[in-house]
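Hello,

Here is the structure we talked about. Please open it and keep it on screen while you read the notes below.

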Amino acid sequence: MNILIELAYLVAAVCFILGLKQLSSPKGARNGNRIAAVGMVIALVATLPLLHFTPAGVIIIAIGVVIGASIGSVGARMVKMTAIPQMVALFNGVGGGAAALVAVAELLSFGQHPALAAALPSVFSIVIGSVSFAGSMVAFAKLQELMTGRPITYPGQQIVNGILAAAILGFVIAVLAVASIPFSFISLMVLALVLGVAFVLPIGGADMPVVISLLNAFTGLAVAASGFTLNNFALIVAGTLVGASGSLLTKLMSDAMGRSLANVLFGAFGQTQAGTAAVAGKEGRSVRTGSAEDIGTLLAYSQRVIIVPGYGLAVAQAQHAARELAEVLEKRGVEVTYAIHPVAGRMPGHMNVLLAEANVPYEQLKEMDEVNDEFKNADVALIVGANDVVNPSARNAPGSPIYGMPILNADQAKNIVFMKRSMRPGFAGIDNDLMFDPKTLMFFGDAKDSLTKLVAAVKAA
Amino acid sequence: MSNELLNELTFFVLSIFVGIEVISKVPTILHTPLMSGTNAIHGIILVGAIVIAAGASSPVNIILGLVAVTLATTNVVGGFVVTDRMLEMFKGRNQAQKQSTAAKESTPAK
């Protein structure tokens with residue numbers, strides 16, 4: 001291979017590493033992303049002189065790049081901030097699909113009995129890439145609410161998954177040891193796609209960010225495997241970097257939720273019954289509701305208010321209304337802070353992004369560890385569209401699907417105002433005892449409308 | 001084992017260590033942008049897709065190449081753009097303020 005191309009790949013690899021490094025610090029993050037993009041351009045441009053193009057090759061590359069770039073840039077620009085997690089899932093899935101197809105094309109060119117060193121990574125890339133593609137599409141469907149976000153389980157599910165995995169292993173051996181023919185690796189691909197779907201179905205929508213991160217690492221590994229097949233240094237290094245950092249990131253994310261990765265991925269099995277049992281016997285309990293005037297007065301004469309934002313705030317685009325309320329309160333001398341749960345919203349950092357967009361001062365955003373001791377001194381915990389992250393059953397109901405997740409101690413505040421669209425349970429699909437707490441006032445409605453009403457009520461108080 | 005394979009394995013193993021080391025201190029708020037950024041980087045599969053598409057002449061290879069290039073380009077472009085949009089929100093406070101008020105004036109809400 002040409003020395004210059006190898007050197008260009010080396011520069012690209014350095015760009016990726018520096019980019020990742022910067023992406024993990026708040027100051028340099030945006031720059032880091034750009035450095036990585038520069039690395040990508042270098043790697044792409046360096047590849048071209050190496051190739052012998054057929055006329056058809058030139059045309060399909062041009063068409064593919066134009067279509068892909070249009071979908072990618074338009075999709076990424078148009079998407080609302082609330083829908084970003086599913087967009088990431090989509091972009092990850094197509095990458096996995098591309099890796100699998102590259103491996104299929106390589107296997108086709110090898111003939112019936114390829115060398116193990118070439119066939120093994122191809123087969124690996126087909127399986128992992130297909131799982132990542134199909135799994136990401138299910139994650140997308142769950143987050144986009146094209147299907148239920150609840151875990152989907154059925155009797156014998158683990159047996160079915162086991163049979164699928166065994167069948168995949170059988171075809172892997174067939175391709176490697178018997179004959180590498182289209183029938184065997186197409187079957188392999190189809191089975192891996194089914195496994196990808198089966199793998200993500202039993203995982204609840206609230207856990208999707210962790211799943212997407214894991215599938216992201218998978219795609220990285222599939223890309224690295226394709227690199228071994230093509231003897232391409234850039235693919236191996238970049239794919240492996242993503243595979244390794246993505247795996248660590250997946251672990252860090254599940255740590256932030258206070259759960260093990262195994263619990264996130266396989267926790268749905270056998271837990272659904274416990275969840276429904278816990279709900280029984282709660283019928284007939286009453287909740288207190290308050291009017292905008294009641295709550296406005298309560299807030300206006302408080303000293304400390306902690307706002308707990310959640311997905312409801314994101315959906316209603318209520319971040320500006322929240323800031324407005326905080327400003328009105330601060331004018332009256334009320335101390336306002338925001339308590340940010342690491343997984344509030346539907347992705348870690350979701351709330352930080354939204355509130356930053358509304359120009360909420362960074363100092364007012366407090367992370368869970370920092371703010372949890374302050375709740376007991378707070379006069380009001382104002383929960384805006386959050387639910388699972390303040391659900392006390394994470395602390396005291398061992399049967400609950402979210403048991404063990406660290407939560408915000410909103411229940412320790414002197415008063416709790418719970419703003420919600422309805423009594424419907426949150427994303428994890430479980431009831432929240434906090435709504436029935438005698439200290440709690442419910443305030444139903446769209447988060448943005450409700451906050452606007454509260455602003456008026458505080459001004460009038 | 002061929003020399004080339006040995007080299008590739010070396011790169012592979014060292015990249016694992018670098019990949020883990022380089023992001024080990026990421027704060028929680030950057031988890032999602034980092035995931036999205038790494039997502040864009042594995043779009044490097046576009047290099048692989050272009051390699052297989054370049055020499056395509058049979059109908060099967062033409063279809064495989066076309067689909068692979070399309071998917072991989074979507075991954076690269078979408079990945080970098082969406083990450084940039086996320087990180088835009090983290091930028092210096094004053095600048096972000098100017099941008100968002102300007103945006104509000106030019107485009108009606110939603």
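In this predicted model, strands E1 (residues 304–309) and E4 of chain A run parallel to each other and are joined by 5 bridges. Across that pairing, Val308(A) sits opposite Ile383(A) of E4(A). E4(A) also pairs with strand E5 (residues 415–420) of chain A, again in the parallel sense and over 5 bridges. Here Val384(A) has Met419(A) of E5(A) as its bridge partner.

What about the cover over E4(A), residues 380–384? The strand is mostly covered, with 5 of its 5 residues buried. In a regular strand, side chains alternate between the two faces of the sheet. In E4(A), Val380(A), Leu382(A) and Val384(A) point one way, while Ala381(A) and Ile383(A) point the other way.

Next, a helix. H14 of chain A covers residues 319–331, which is 13 residues. From first C-alpha to last it reaches 19 Å, close to the 18 Å expected at 1.5 Å a residue. Its buried residues include Gln319(A), His320(A), Arg323(A), Leu325(A) and Leu329(A). Just after H14(A), Gly333(A) has a positive phi of about 90°.

Last, the contact between the chains. How many residues does each chain put into it? Chain A gives 101 residues and chain B gives 82. On the chain B side, helices H1 (3–22), H2 (31–41), H3 (45–54), H4 (59–88) and H5 (93–106) each supply at least two residues. H4(B) gives the most, with 28 residues. The residues on this side of chain B comprise 47 nonpolar, 26 polar and 9 charged.

Regards

Note on methods:
Residues are numbered from 1 along each chain as its sequence is written. Chains are lettered from A and ligands numbered from 1 in the order in which they are written. This is a predicted model: local features need pLDDT of at least 70, side-chain atom pairs count only at pLDDT 80 or more; totals for chains, interfaces and linings use all residues. Helices (H or I, at least four residues) and strands (E, at least two) are DSSP runs, numbered from the N terminus. The expected span of a helix is 1.5 Å times one less than its number of residues. A residue is buried if 20 or more other C-beta atoms lie within 10 Å of its own, exposed if 12 or fewer, and partly exposed in between; C-beta atoms are placed from the backbone. Two strands pair if DSSP finds at least two bridges between them. Two residues are in contact if their C-beta atoms, placed from the backbone, lie within 7 Å. Ala, Val, Leu, Ile, Met, Phe, Trp, Tyr, Cys and Pro count as nonpolar, Asp, Glu, Lys and Arg as charged, and the others, Gly among them, as polar.
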